[in-house]
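Take a look at the sequence and the model below. This briefing walks through selected contacts, the core and the sheet.

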Amino acid sequence: GARVTRLNVNGEIHEVDLDIRTTLLDALREHIGLTGSKKGCDHGQCGACTILVNGRRINSCLSLAVMHEDDEILTIEGLGKPGKLHPMQQAFLEHDGYQCGYCTPGQIVSAVGMLGEVADGWASHASADINAAPTLSEAEVSERMSGNLCRCSAYPNIVDAIREAAP
Ligand code: FES
């Protein structure tokens with residue numbers, strides 16, 4: 001059955017009429033029009049659909065939209081804007097942290113959430129203090145980002161970008 005579902009995405013409330021089986025990823029892309037979050041596998045294996053829910057990263061393809069009515073949802077569109085990029089977006093740009101770009105929104109959102117996990121409180125909001133994040137080794141970054149696959153294998157540049165954005 002369908003149901004009006006109220007979602008708080010990037011600080012804006014959206015009321016959408018959804019089949020209750022609609023995933024959060026499909027709700028974002030097809031009902032709200034935010035197509036930055038990508039559908040790679042639709043099975044929780046690639047990370048292209050990563051978003052933050054209350055500051056924590058999830059694979060939005062694995063979660064039902066109706067479960068998130070009281071949550072704060074942040075997508076790549078909510079991180080930065082052209083001309084005023086989030087520091088993580090800027091770092092990916094400077095380090096060529098992508099090739100085809102399909103996994104990039106998920107990589108960036110995941111990296112922001114990951115730094116929030118290691119420096120609790122940092123990075124779940126675009127204005128958070130980047131200097132509060134600790135230094136991570138290349139191996140630590142790779143391990144913590146292992147849920148985000150890149151078929152072009154741009155991993156070295158992705159890791160460099162994340163390490164630069166996390167002083
Ligand atoms: Fe969600 Fe691949 S599309 S993990």
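Start with Ile 108 in this predicted model. Beyond its neighbours within four places in sequence, Ile 108 is in contact with Ile 76, Leu 79, Met 88, Gln 89 and Phe 92. Ile 108 also belongs to the largest nonpolar core, where it is among the residues that touch the most other members.

**The nonpolar core**

- The largest nonpolar core holds 41 residues.
- Met 88, Ile 108, Val 109, Ala 111, Val 112 and Ile 162 touch the most other members.
- At least two residues of this core come from each of β1 (2-9), α1 (24-32), β3 (50-53), β5 (72-74), α2 (87-94), α3 (104-118) and α5 (155-165).
- Helix α3 gives the largest share, six residues.
- Domain 1 (2-78) and domain 2 (87-165) each contribute at least three residues to this core.
- In soluble globular proteins, nonpolar side chains tend to be buried together.

**The sheet**

- What is the order of the strands in the open sheet? The five strands run β2-β1-β5-β3-β4, and their pairing is mixed.
- The edge strands are β2 (12-19) and β4 (56-59), and each of them pairs on one side only.
- From one strand to the next, the twist averages 40 degrees.
- Strands β3 and β5 run antiparallel and are joined by two bridges.
- Val 53 stands opposite Ile 73 in β5.
- Strands of a sheet pair through backbone hydrogen bonds, either parallel or antiparallel.

**Helices on the sheet**

- Helix α1 packs on the sheet and touches β1 and β2.
- The direction of α1 makes about 100 degrees with that of β2.
- Helix α3 also packs on the sheet, touching β3 and β4.
- The direction of α3 makes about 35 degrees with that of β3.

**A proline in α3**

- Helix α3 contains Pro 105.
- Is Pro 105 buried or exposed? Pro 105 is buried, because 23 other C-beta atoms lie within 10 Å, and the cut-off for a buried residue is 20 or more.
- Leaving aside neighbours within four places in sequence, Pro 105 is in contact with Gly 36, Ser 37, Lys 38 and Ile 76.
- Ile 76 is also a contact of Ile 108.
- Pro 105 and Ala 48 are 57 residues apart in sequence. In space, C-alpha to C-alpha, Pro 105 and Ala 48 are 7.0 Å apart.

Definitions and conventions. Residues numbered from 1 in each chain as written. Predicted model: local features only at pLDDT ≥ 70, side-chain atom pairs only at ≥ 80, totals over all residues. Core = buried A, V, L, I, M, F, W, Y, C linked by C-beta atoms within 7 Å. Buried ≥ 20, exposed ≤ 12 C-beta atoms within 10 Å, placed from the backbone. Helix = DSSP H or I, 4+ residues; strand = E, 2+ residues; numbered from the N terminus. Domains from an automatic or database assignment. Contact = placed C-beta atoms within 7 Å. Pairing = 2+ DSSP bridges. Axes fitted to C-alpha atoms, helices over the stretch in contact; angles between N-to-C directions.
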